[in-house]
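Take a look at the fold below.

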Amino acid sequence: MSSTPMNGPTRIVIAEDEAIIRLDLKELLEEEGYEVVGETGRGDEAVELVRRLAPDVAILDIKMPGMDGITAARQIAGDRLAAVLVLTAFSQRDLIDQARDAGALAYLVKPFQKSDLIPAIEVALGRFGEVVALEQEIVDLSERLEARKLVDRAKGILMDEHGMTEQLAWRFIQSQAMSQRKRVADIAQTVVDRVLAP
């Protein structure tokens, strides 16, 4: 998701209730080649903007009217809508812990320097990419496990009802998958559903 010439600049939504900080932040980001696609001073509007504009990163101030940044972060991160970077005027440990628990992947204490902002954005993007990749891996593994269970059930049916050995049952499923150009799991499902038999 990070900025590369192929997919264009990293897209950012800024939610900061102090207009002067919001403008400075926007200017700073645009100077660095980021694209600010939306900005607001309210937490509730931030969530709506992120849903509508699908940015790569949401920069959220902790203290905002409408909805605080931690609640907004929880919604944005919970639905995996964007990487979340939290801004705070307080370096209080409990607020930072709350932001992290809400799904913020990086934070900055105001006032911050450009030299702090860019690495924080890149860290948030990198961590977000890792979280999304891990979740996809979990889905893939769970699908493979389900497919394996299905194949085992199908082999059991072929062995019990058609007197096949386990090896013959596997070969039957495999050859049917190749001849019908289907996935092994799909053929196993037809055996389990008693649609396909030798």
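At what angle do the axes of helix H5 and helix H6 cross, and within what distance do they come? This is a predicted model. In it, the axes of H5 (residues 114–162) and H6 (residues 166–180) cross at roughly 120°. They come within 9 Å. The crossing of H5 past H6 is right-handed.

| Helix | Contact residues |
|---|---|
| H5 | Val151, Ala154, Lys155, Leu158, Met159 |
| H6 | Glu166, Ala169, Trp170, Phe172, Ile173 |

By class, eight of these residues are nonpolar and two are charged. No polar residue takes part.

Next, the strands. E4 (residues 83–88) and E5 run parallel, joined by four bridges. Leu85 has Ala106 of E5 as its bridge partner. Side chains alternate along E5 (residues 106–109). Ala106 and Leu108 point to one face and are buried.

Now the whole chain. It holds seven helices and five strands. Along the sequence the pattern reads β-α-β-α-β-α-β-α-β-α-α-α. The radius of gyration is 25 Å, well over the 16 Å that the globule rule gives for 198 residues, so the chain is more spread out than a compact globule. Its C-alpha trace spans about 75 × 35 × 25 Å along the principal axes.

Of the 198 residues, 40% are buried. Among contacts with a separation of 6 or more, 58% join residues 24 or more positions apart.

Methods. Residues numbered from 1 in each chain as written. Predicted model: local features only at pLDDT ≥ 70, side-chain atom pairs only at ≥ 80, totals over all residues. Heavy atoms only, no water. Axes fitted to C-alpha atoms, helices over the stretch in contact; angles between N-to-C directions. Helix = DSSP H or I, 4+ residues; strand = E, 2+ residues; numbered from the N terminus. Left-handed = near helix turned anticlockwise from the far one by under 90°. Contact = heavy atoms within 4.5 Å. Nonpolar A, V, L, I, M, F, W, Y, C, P; charged D, E, K, R; others polar. Buried < 20%, exposed > 50% of the residue type's maximum accessible area, 1.4 Å probe, protein only. Pairing = 2+ DSSP bridges. Rg over C-alpha atoms; globule rule 2.2 N^0.38 Å.
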